[in-house]
Amino acid sequence: MNNDPALQQDDTKKTWSGRFNEPVSALVERYTASVSFDQRLTEYDIQGSLAHAQMLAEQGIISAADLTAIQQGMQQIRDEIRNHQFVWLQELEDVHLNIEKRLTALVGDAGKRLHTGRSRNDQVATDIRLFLRTAIDEIISLIKAMQHALLSLAEQHIHTIMPGFTHLQVAQPVSFGHHLMAYFEMLKRDVERLTDCRKRVNQLPLGAAALAGTSYPINRERVAQLLDFEAVCQNSLDAVSDRDFAIEFSACAALIMTHLSRMSEEFILWMNPAFGFIQLADRFCTGSSIMPQKKNPDVPELVRGKTGRVNGHLVALLTLMKAQPLAYNKDNQEDKEPLFDTVDTLTDTLRIYADMLGGVRVNQETMRASALRGYATATDLADYLVKKGIPFRDAHEIVAKAVQFAEQKGCDLSKLELNELQQFSIQIESDIFAVLTLEGSMNSRNHTGGTAPEQVQAAIQKAKAWLPWKM
Ligand code: ARG
């Protein structure tokens, strides 16, 4: 221990309080502290410190004995935290100072040397990046688990016909498998976006120190290697100040939630008896305390609702960053809660969703009946006439009249007599009835991306090739 009386630390004093004449008020202490939420970064903070200390020792900036002491102290701190023995103190502000103070209590001067060539500014930026990198990896594997669930449902329903909608009005018949695979595509892009975002997250800020770098002969590339970062941040001011990587992640998260929210909205509609397309397993629904008949789709409703908070966090982070002068500002302390909540909300949602998809029961007859009710094959009749040489706009007009007639008669186009159809165009012949069936319509859209079962099957095969089958 250093015995210089001028340097004897009063334990109740702030680490940085040397130049201050009065303590902060209790309110200011509570207002400025982040330890209540940033203690979640503990493991990353320790990893970062160990890598930094190892580099300092390798560079001869601290001794090998100091490094050993730091390593042993950190191990004990990890144990204390795991066993819930660690005492977190608000007066020590944040996770960084709490750990450093405890380390110093445990190993003395070696603990005080750990912060050589480092600042909390590059330290916290490193911690968040390590946290987010881990979160991204977990989220990607959860998305893939959900995609597995989607694929197996889609595979069972390649030939199941549902009405495809535009404006939520019956448009054209589609394969239910095709409909589900639309979400597979969205989630695939979500995985790609996260994978790309991860590259920009995975850059090392340490070495930037407070803002300008440090005068010690550090080796940033070595720290990057120890922490498995792809590269070091190339500008010290940028390294400590920007949170664009977190904003980018939040944007990815908001899009994922938006996709899940759309699916949720469909599940909610489809569970309504007016649609009656699907049932969700009871474990994802709740009843009403007053209306005994109710089975409410709470889980998809909450997914839709929680999308609001994830979108809100994105806006919070953008607003937090906007207009901050270079370099670090305390504003950035506010990045953590939105980020943590985004990660938690998203991981819970994805987990629930994969499970929920496994319990979807599909009412094929109702879907089919619904497709038959909305003149879903009217476009097919128009296309039939076009193939006979009638210009599309005229064909459109002819079919509109036919639909009006069928509507008055109260039946589907396919249920009209041939002579009734021929009132609208003499080009219509008896081969029209194959065209007007739901299967005829669906099977005819037989090109990449179309709803013909052959194409849906091909899309599923492609999806399987993209998604590792075993995880
Ligand atoms: N708790 C702070 C944060 O989350 C750590 C960095 C504080 N740096 C400083 N110079 N006060 O951003």
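Start by selecting Arg129 and Phe245: the charged end of Arg129 sits over the ring of Phe245, 4.0 Å from its centre. Here, "over a ring" asks that NZ of Lys or CZ of Arg be within 6 Å of the ring centre and within 35 degrees of the ring normal.

A word on the model before moving on. It is predicted, so to speak of local features takes pLDDT of at least 70 and side-chain atom pairs count only at pLDDT 80 or more, while totals for chains, interfaces and linings use all residues. Residues are numbered from 1 along each chain as its sequence is written, and side-chain values use heavy atoms, leaving out hydrogens and water.

Next, pick Arg19 and Phe20, where the charged end of Arg19 sits over the Phe20 ring, 5.8 Å from its centre.

Now for rings meeting rings. The structure has eleven aromatic pairs (Phe, Tyr or six-membered Trp rings with centres within 6.5 Å; planes under 30 degrees apart are stacked, over 60 edge-to-face, the rest tilted). Select Tyr44 and Phe131: their ring centres are 6.1 Å apart and their planes lie at 80°, so this pair is edge-to-face. Tyr44 belongs to helix H3 (residues 42–58) and Phe131 to helix H7 (residues 120–156), 87 residues apart; helices are DSSP runs of H or I, at least four residues, numbered from the N terminus.

Phe340 is in helix H13 (residues 336–358), 209 residues from Phe131. Both Phe131 and Phe340 are buried (under 20% relative accessible area, 1.4 Å probe, protein chains only).

Last stop: select Phe165, Phe176, Phe267, Trp270, Phe275, Phe277 and Tyr353, a cluster linked by ring pairs.

Key. Helices (H or I, at least four residues) and strands (E, at least two) are DSSP runs, numbered from the N terminus. Buried means under 20% relative accessible area, exposed over 50%, partly exposed in between (1.4 Å probe, protein chains only).
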